[in-house]
Amino acid sequence: VGLLGKAYPQDDYSNVTEKILSKVGKNLHNKQHHPLWLIKEQVKDHFYKQYIGRRGNPLFSVYDSLSPVVTVQQNFDSLLIPQNHASRRKEDNYYLNRDHMLRAHTSAHQWDLIHSGLDAFLAVGDVYRRDTIDNTHYPVFHQMEGVRLFSCHELFSSVKDDEGLQLFEQGHRSAHKQECHTTEAVRLVEFNLKQVLTKLMAHIFGEGLQVRWVDCYFPFTHPSFEMEINFRGEWMEVLGCGVIEQQLVNSAGAQDKIGWAFGLGLERLAMILYDIPDIRLFWSEDERFLKQFIVSHIWQKIKFQPLSRYPPLINDISFWLPSETYSKNDFYDLARTIGGDLIEKVVLLDEFTHPK
């Protein structure tokens, strides 16, 4: 497979389709006046103004042009994702070969960026997953990763009588903390993380936003949370986050620090904020769509105006499957390859196995 000026030998793992390869390098998040670019710029603007380093420069650096081709090691191993974890399956990812793939999340760059000596950064990029077909799922979408690490001094600097406060101890893992972290350190990191994200969402969606936190599981953070916001009377999940597994931080060479990470979907935020009903629209080249987002400043209010006035057409299709190795995502890929973005939704209605 030839991609971004490099050649990747194919093997039994290669499953990237031409349709997907045609999306690589489009970088919608860097296309001026695109809705995903607007969201990225809003988040960037907020972080630049809100968090200032000691020399008066922005604390967070931004990386938005990292290659989407990563190694399996970067995408999974560096994030402590077990060998047998469901998220590694060929059915769910786009592999160039056994060793290289299109990143499934921007977290694939976390270890490298920490290893290069960074304490606070945002990484933005296109990510690739084989998925169902409906108005909120698309095999290419865009994520933003945020990471912040603290030294002992930085974390406890706001605490009076911080004598004797430590980041690490040899304790036990519980639902609320890792075995190597002190309770005080985890509480402060968690508090800082939730405060940063609540401020960010209030800045994007307006003050007075209701927020709630749901406990969840990610292999590379513990404790982990999903953030939900109440938008127009509905609770919506907007991002996942947590305290980074210390093993990851240590292996990247920052063993004297503790930190948090979050990952958010740009499409999800843009769909809520601009009232965009269908994720395929982000790939539209239609002037009627793109023109709506040409604004004089990134914070200008926009409400998307729908384009098509035609009702959907529904087609039934049935087929016979001879083998056991079939995955539903194989059919979705086929449908996307042939029908492209004309296909709005694919629903499995019935399965039948002849008793003989």
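Author: Start with the second largest pocket. It is lined by 40 residues. Nearest its centre lie Ala 104, His 105, Arg 129, Phe 141 and Gln 143. A pocket is an open set of points on a 1 Å grid over the protein atoms alone, where a 1.4 Å probe fits, with protein on both sides within 12 Å along at least five of seven lines; lining residues have an atom within 4 Å of a point. This is a predicted model: local features need pLDDT of at least 70, side-chain atom pairs count only at pLDDT 80 or more, and totals for chains, interfaces and linings use all residues. Residues are numbered from 1 along each chain as its sequence is written, and side-chain values use heavy atoms, with hydrogens and water left out.

Reader: Which element gives the most to the lining of the second largest pocket?

Author: Elements are DSSP runs numbered from the N terminus: helices (H or I, at least four residues) and strands (E, at least two). Here strand S10 gives the most, with six residues. S10 spans 234-244.

Reader: How many of its lining residues are nonpolar, polar and charged?

Author: Ala, Val, Leu, Ile, Met, Phe, Trp, Tyr, Cys and Pro count as nonpolar; Asp, Glu, Lys and Arg as charged; the others, Gly among them, as polar. This lining has 16 nonpolar, 15 polar and nine charged residues.

Reader: How much space lies in the largest pocket?

Author: A volume is the space filled by probe spheres set on the grid points, which are joined across faces, edges and corners. For the largest pocket that is about 2,200 Å³. It has 46 lining residues, and the closest to its centre are Asn 315, Ile 343, Lys 345, Val 346 and Val 347. Helix H10 (residues 328-339) gives the most to this lining, with six residues. By class, the lining has 28 nonpolar, six polar and twelve charged residues.

Reader: Now single residues. Is Ile 317 buried or exposed?

Author: Buried means under 20% relative accessible area, exposed over 50%, partly exposed in between (1.4 Å probe, protein chains only). Ile 317 has 62%, so it is exposed. Ile 317 sits in the loop between helix H9 (287-290) and H10.

Reader: And what is Val 43?

Author: Val 43 belongs to helix H2 (residues 35-50). Val 43 counts as buried because its relative accessibility is 0%.

Reader: Where does Gln 210 fall?

Author: Gln 210 is in strand S8 (residues 210-218). At 46% relative accessibility, Gln 210 is partly exposed.
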